[in-house]
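Let's take a look at how two protein chains sit together, and then at one of them by itself. Have the sequence and the 3D view open as you read.

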Amino acid sequence: MATTGDPSLARAGVSGTAPECSTEVPGTLVLHLPSDIGAIEDAVERAVEFCAPAVEDRNRLLFNLRVGLTEAISNAVLFGSVDDPRKKRVRVELRIRPGQVRARVSDEGGGFDPAAVPDPRRPENIAKASGRGIFLMRALMDDVRYNDAGNAVTLVLRGAPGPASPTPSVFPDEADARPASTQPATPAAPHHTREERALDAVSREMQLAHDLQMKLLPPIPRVRGVEAAARVVPAESVGGDFYQVLQLPGGRTGVMIGDVSGHGFPAALIMALVMSAAAISAQQGGAPATVLEHLDRAIGDELESTEMYLSLCYCVLSPGAPEVVYANAGHPHAFIVEPEGTARRLRATDPPMGIGGAPFRESRAKWAPGDDLLLLFTDGLSDTVARRGRKSGEDLVLKTVARSHRESAVEILDRLFEMSAQSVPLIPADDRTAVVVRAE
Amino acid sequence: MSFRERTVGRVTVYDVDGQLIVGNRHELKRMVLDALEGGARRFVIDFSRTGYIDSSGLGVLITLSKEIRAQGGDLRLASLNRDLTRLFELTKLDTFFRICDDLGEALEE
């Protein structure tokens, strides 16, 4: 688009029809739209048309502003009213002055809880598809801010005053494109405490989801030579964390952890599907990548239709074998912790399910039977222990495990969850989940 | 109509006119999946007339790529302009797709 003609400029009707909503204040336009996917494009085009005089750089108008607004309005439409479909209105307020556009997109839902989202700057989170919408917004706009309730976002685009540059920079440098603070970058599940009216229905749903999540989590099987412990402490707003420790043919042990991007009942349903499909596939003795492929086939459609994503790491330990075989679809926290405390990360072999897909890759990591610990946990745990001034809670989790390495798996978990209970978290709690396995 | 389907040799080519976003992505998905069901295996989506793609547009391309691969087929993306190329790079989806400079390259065996 930078070099060729502008086929989309004509479509946008930048100098075409005036917007239907008249402006009461000069330089201000307010659009109200129904919470309907079909209404998004028209609203974006009206907004772009209105903002055109303020943004001389065509690329920033036709690409940055369009994508940024589309993401903001999509989020409002898709997530802003799920707790009560009757409350479906989205409001877009645009204010322009020379060289600057300010757009505020608000919905009548309970809002996002942006702070419940892990820090997107971490490399392992960049590929998390649940963050792509807000990530793109932040990459393309000059400023992105949420209100406290999390149901309104304000976007600012500066219009590169002066003649449009022939090679305008659509994106800032990648380092700058990431949020500079612990700001959110992934759409979180709707927050459901703000609107009293919705509380009853929501808390019923949460209770159901909570019950489902807890019922599904299986007991840890007793396997000779294997000491395993796992725990989920669900947040008030139930997430979709889960784990499985499976006894496999040939005396092998399968260890799985997963985190569904959404919250509430839909996430719990995805989790239910994953757990049953995973157990079947794993117990047929499938290699880790094969198990992930089966899972992807089983839940891919469901993930797509619900716009959810799933990080999942599946490890297989064989008795006496000097290696762990694993496949890791975008799960950030999977480690082998050596007795002297060195932690080796089991890096993601693929993006999360719902963003990537088959074929899945597999990897192997050195493993000292009887000595090393396999440690898997979710963002909820490391985020709760994160303290101001520290890069991440992950270091604290790893240090705690290193210090208690000689204790039993259950005791190690106790220490982790004690620590997380004592912390004053920087961000509201998500599900906290950890699995510790030692095997001969 | 945002999408035009045509056949070049054994390759089914889609032109995306304007944008691929949350409001029209299912239309493209339906067209491609119908062709896949009808036996087509080689697909090219041409973006030379595309202004912008949003995150859900990226999502539908991922879905299609997976479906096509599952049937032993091949999907290539062609003629991404500079903005769109950066979009794929930034989201690291440039590693997920086969991206060709132009339609000619995409049509090569």
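A residue is called buried when its relative accessible area is under 20%. By that rule, buried residues make up 61% of the 109 residues in chain B. Keep in mind that this is a predicted model.

**Chain B by itself**
- You'll find four helices and seven strands in chain B.
- Starting at the N terminus, the elements of chain B go β-β-β-α-β-β-α-β-α-β-α.
- Take the contacts in chain B with a separation of 6 or more: 70% of them join residues 24 or more positions apart.
- Chain B has an accessible surface of about 4,400 Å², and carbon and sulfur atoms account for 44% of that.

**Where chain A meets chain B**
- The size of an interface is often given as the accessible area lost when the parts come together.
- Here, about 3,100 Å² is buried between chain A and chain B, with 56% of it coming from carbon and sulfur atoms.
- Chain A puts 42 residues into the contact, and chain B puts in 32 residues.
- How many residue pairs are in polar contact between chain A and chain B, counting pairs with both at pLDDT 80 or more? The count is four.

**The chain A side**
- Several helices of chain A each supply at least two residues to the side that touches chain B, among them H1 (7–12), H2 (40–51) and H9 (288–306).
- H3(A) gives the largest share of that side, nine residues.
- Sorted by class, the side of chain A that touches chain B has 21 nonpolar, 10 polar and 11 charged residues.

Terms used
Residues are numbered from 1 along each chain as its sequence is written. Chains are lettered from A and ligands numbered from 1 in the order in which they are written. This is a predicted model: local features need pLDDT of at least 70, side-chain atom pairs count only at pLDDT 80 or more; totals for chains, interfaces and linings use all residues. Side-chain values use heavy atoms; hydrogens and water are left out. Contact means heavy atoms within 4.5 Å. Buried area is the accessible area (1.4 Å probe) that two parts lose on being put together, summed over both. A polar contact is a pair of N or O atoms within 3.5 Å; within protein, one must be able to donate a hydrogen and the other to accept it, and residues adjacent in sequence count only if both atoms are side-chain atoms. Ala, Val, Leu, Ile, Met, Phe, Trp, Tyr, Cys and Pro count as nonpolar, Asp, Glu, Lys and Arg as charged, and the others, Gly among them, as polar. Buried means under 20% relative accessible area, exposed over 50%, partly exposed in between (1.4 Å probe, protein chains only). Accessible areas come from the Shrake-Rupley method with a 1.4 Å probe; for residues, only the protein chains shown count as cover.
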